[in-house]
Amino acid sequence: MSQSNIKSVRASEIELKEKVVAIKRVAKVVKGGRRFSFSAIVVVGDGNGVVGYGLGKANEVTDAITKGIDDAKKNLVKVPILKGTVPHEQIGKYSGGFVLIKPASQGTGVIAGGAMRAVFESAGVHNVLAKSKGSSNPHNVVKATFDALLKLRDPYTVAKDRGIALSNVFNG
């Protein structure tokens, strides 16, 4: 994937909503017993095509979530949304996680599993059909979903590149 396709956005310019995807408790065995810490995956978005994810790790849950939010604000990207859904079908892959996303008609809603649902809702996608194949690990699913979203092509730029009208992009 070319780096020119990724559109980054500044967090200071927009109002963001956070969603915690997963919180894991991890244990480190030390001389005196077990020492617990927490990791949190957080997705932030403005509900209008701007979305990002982050991972935070700390000894307290609230600190881990705060660190995750800060990390997510550093990794914001702009994704194309057309009439409340994705412009076309796309497959995303990260490690063992595969996701398939398809556009859906108005009123369908977000048909997606846990980690993917948080990403779509934060991005502002209201109608989409999605299937997670392979790994169900939230880290891999979120990253695979972002891979699919970043591969999406905006129909307006496709029409401009081809030199045709927007209606001809979808209708042949």
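## Helices across a sheet

Helices (H or I, at least four residues) and strands (E, at least two) are DSSP runs, numbered from the N terminus.

This is a predicted model, in which local features need pLDDT of at least 70 and side-chain atom pairs count only at pLDDT 80 or more, while totals for chains, interfaces and linings use all residues. Residues are numbered from 1 along each chain as its sequence is written, and side-chain values use heavy atoms, with hydrogens and water left out.

Two strands count as paired if DSSP finds at least two bridges between them.

Strand β3 (residues 50–58) is joined to β4 by two bridges, and the two strands run antiparallel. V51 has V77 of β4 as its bridge partner. In a regular strand the side chains alternate between the two faces of the sheet.

## The β5–β6 hairpin

Strand β5 (residues 90–94) pairs with strand β6 (residues 97–103) in the antiparallel sense, over five bridges. The bridge partner of G92 in β6 is V99. The hairpin has two residues between its strands, and S95 takes a positive phi near 50° there.

## K143 in helix α3

K143 is placed in helix α3. With a relative accessibility of 25%, K143 counts as partly exposed; the cut-offs are under 20% relative accessible area for buried, over 50% for exposed, and partly exposed in between (1.4 Å probe, protein chains only).

Leaving aside neighbours within four places in sequence, K143 is in contact (heavy atoms within 4.5 Å) with Y53 and Y94. K143 and K93 are 50 residues apart along the chain, and their C-alpha atoms are separated by 7.7 Å.

## An enclosed helix and a surface patch

Helix α2 (residues 114–123) is largely enclosed by the rest of the structure, because seven of its ten residues are buried. The buried residues are A115, M116, A118, V119, F120, S122 and A123. Just after α2, G124 takes a positive phi of about 95°.

On the surface, Y156, L166 and F170 form a nonpolar patch with about 290 Å² of accessible area together. F170 is found in helix α5 (residues 166–171) and is partly exposed, with a relative accessible area of 44%.

## The whole protein

The protein has five helices and eight strands, which follow the pattern β-β-β-α-β-β-β-β-α-β-α-α-α along the sequence. Its C-alpha trace spans about 70 × 35 × 30 Å along the principal axes.

Of the 172 residues, 40% count as buried. The accessible surface comes to about 9800 Å², of which 49% belongs to carbon and sulfur atoms; accessible areas come from the Shrake-Rupley method with a 1.4 Å probe, and for residues only the protein chains shown count as cover. Among contacts between residues at least 6 apart in sequence, 58% join residues at least 24 apart.

Terms used: Patches are made of residues with over 30% relative accessible area and no salt bridge: like charges are joined within 9 Å, nonpolar side chains (Val, Leu, Ile, Met, Phe, Trp, Tyr) within 5 Å. A salt bridge is a side-chain nitrogen of Lys or Arg within 4 Å of a carboxyl oxygen of Asp or Glu.
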